[in-house]
Amino acid sequence: MHVGASLLRLCTLDMAAPKVAVIGAGVVGLSTALCIVETCPSCSVTVLSDQFSPNTTSNVAAGILIPHTYPGTPIHVQKQWFKETFTYLFALSNSNEASEAGVHLVSGWQIFKNTPTPKEELPFWSDVVLGFRPMSEAELQKFPQHQFGQAFTTLKCECPPYLLWLEKRLKANGVQMYTRKVADLWELHSEYNIIVNCSGIGAHQLVGDEKLLPVRGQVLKVHAPWVKNFIRDGDGLTYIYPGIYSVTLGGTREKEKWSLSPDPDTTKDIFERCCSLEPSLWGAQDIEVKVGLRPSRWCVRLERQVLSRGGVKLPVVHNYGHGAGGFSVHRGTAKEAARLVGECIAALQGSSSRAKL
Ligand SMILES: Cc1cc2nc3c(=O)[nH]c(=O)nc-3n(C[C@H](O)[C@H](O)[C@H](O)COP(=O)(O)OP(=O)(O)OC[C@H]3O[C@@H](n4cnc5c(N)ncnc54)[C@H](O)[C@@H]3O)c2cc1C
Ligand SMILES: O=C([O-])CC(=O)C(=O)O
């Protein structure tokens, strides 16, 4: 398209109903699209993704709300994201949509083999989860190899139903969803006013982000309905998270490994590690193995960028790089991304009215 024509087209497209394309249909893309329609009802929002549930990293996650720290993001910001996510899902877990959305409270223990550091002892999120307290000596007797532990109640998403619930909310709000792999953000510039990049690990290729790297995670989903409490080793490697339909057993953290094939030796190792924490798991059945690539980054990339090519400008909002904590902070980061979309619309409206003068 001729540059002048393309500029004109953007100016006429954006005013009545700004057209927003959200790339990605994991928990980040879907929740971001939902926050955009909630905060900007006049926007026309489309989700474009090469994969939808059940084929995203978000489908592999345990979906527990326990934050992971992003070294490059200020703690008060991470706490705000977690708090907003917790508050949103707590209300959902307390509504008549809880079972459809697959969101529920779960209580359990985080345990440490050695005395934890002060940061581990009182993590920044301790006053967001419910009833956080040190474990009693009697509770610790369940874990003879561990010295110290924390008991609390948090929330858990059953990931596939939660993603489907988000998709249903989007459809009810008129959001269109198309299967499409985007090779270059510029391919969307004549169709959309604003692009929101929620492509997870896909951003490594899509925007050439070398700071974004996969941390491979393998988990097992097993049938063990008698397990009611979560157990997480503070080293972050071994965990047991009971959900509605299965118990998730983890895990692994393999930096810069791109393989999505399950490794049988790892499966055995995860199972044995979990059984040593919860011996009743030796009776678990129907072991299903899943692998996902955590989109890991020094900090979540949550920012506006205006791309420019031959005099044409393309506003982009990035929201990716949630690493091991996408579920824990998704609603908070989605709200911030929606606010940034609002800023892009205001800037477009400003430049359009100046062009008319
Ligand atoms: C084993 C494991 C356990 C985990 N457990 C937890 C947990 O308990 N709690 C927690 O908070 N987090 C957990 N996580 C982390 C969590 O899964 C991620 O942080 C989260 O899923 C990231 O969501 P996302 O939407 O950014 O990415 P994804 O779910 O990967 O979604 C990215 C989307 O973008 C699409 N896409 C990518 N590139 C393109 C392109 N070029 N064009 C079009 N579409 C594109 C993909 O198809 C996909 O739909 C876990 C992760 C793993 C691997
Ligand atoms: O660390 C946990 O408890 C679960 C998790 O988020 C992951 O494996 O990425």
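Is Val-182 buried, exposed or partly exposed, and how many other C-beta atoms lie within 10 Å? Val-182 is partly exposed, with 19 of them inside that distance. (Buried takes 20 or more other C-beta atoms within 10 Å, exposed 12 or fewer, and partly exposed is anything in between; C-beta atoms are placed from the backbone.)

A note for every view: this is a predicted model, where local features need pLDDT of at least 70 and side-chain atom pairs count only at pLDDT 80 or more, while totals for chains, interfaces and linings use all residues. Residues are numbered from 1 along each chain as its sequence is written, and chains are lettered from A and ligands numbered from 1 in the order in which they are written.

**View 1. Val-182 and the annotated binding site.** An unreviewed UniProt entry annotates Thr-57, Ser-58 and Val-182 as "binding site"; positions follow the numbering used here, feature names are shortened, and such annotations may be inferred rather than shown by experiment. Val-182 sits in the loop between β6 (176-179) and β7 (194-197). (Helices are DSSP runs of H or I, at least four residues, and strands are runs of E, at least two, numbered from the N terminus.) Beyond four places in sequence, Val-182 touches Ile-23, Leu-48, Glu-187, Leu-188 and Leu-206, where contact means C-beta atoms, placed from the backbone, within 7 Å.

**View 2. Ser-58 in helix α3.** Ser-58 belongs to α3 (residues 57-60) and counts as buried because it has 29 C-beta neighbours inside 10 Å. Leaving out neighbours within four places in sequence, its contacts are Gly-26, Val-27, Cys-159, Leu-163 and Gly-326.

**View 3. Helix α8 and its buried face.** Cys-159, Tyr-162, Leu-163, Trp-165, Leu-166 and Leu-170 are the buried residues of α8. Down the axis they fall within an arc of 155°, so they line one face of the helix (the arc is that of the directions from the helix axis to the C-beta atoms). On the other side, Lys-171 and Ala-172 are exposed.

**View 4. The shell around ligand 1.** Ligand 1 is surrounded by 42 residues, the closest being Gly-26, Gly-200, Gly-202, Gly-217 and Gly-326; a residue is near if its C-beta atom, placed from the backbone, lies within 6 Å. Among the elements giving two or more residues to this shell are α3 and α11 (326-356).

Conventions: Two residues are in contact if their C-beta atoms, placed from the backbone, lie within 7 Å.
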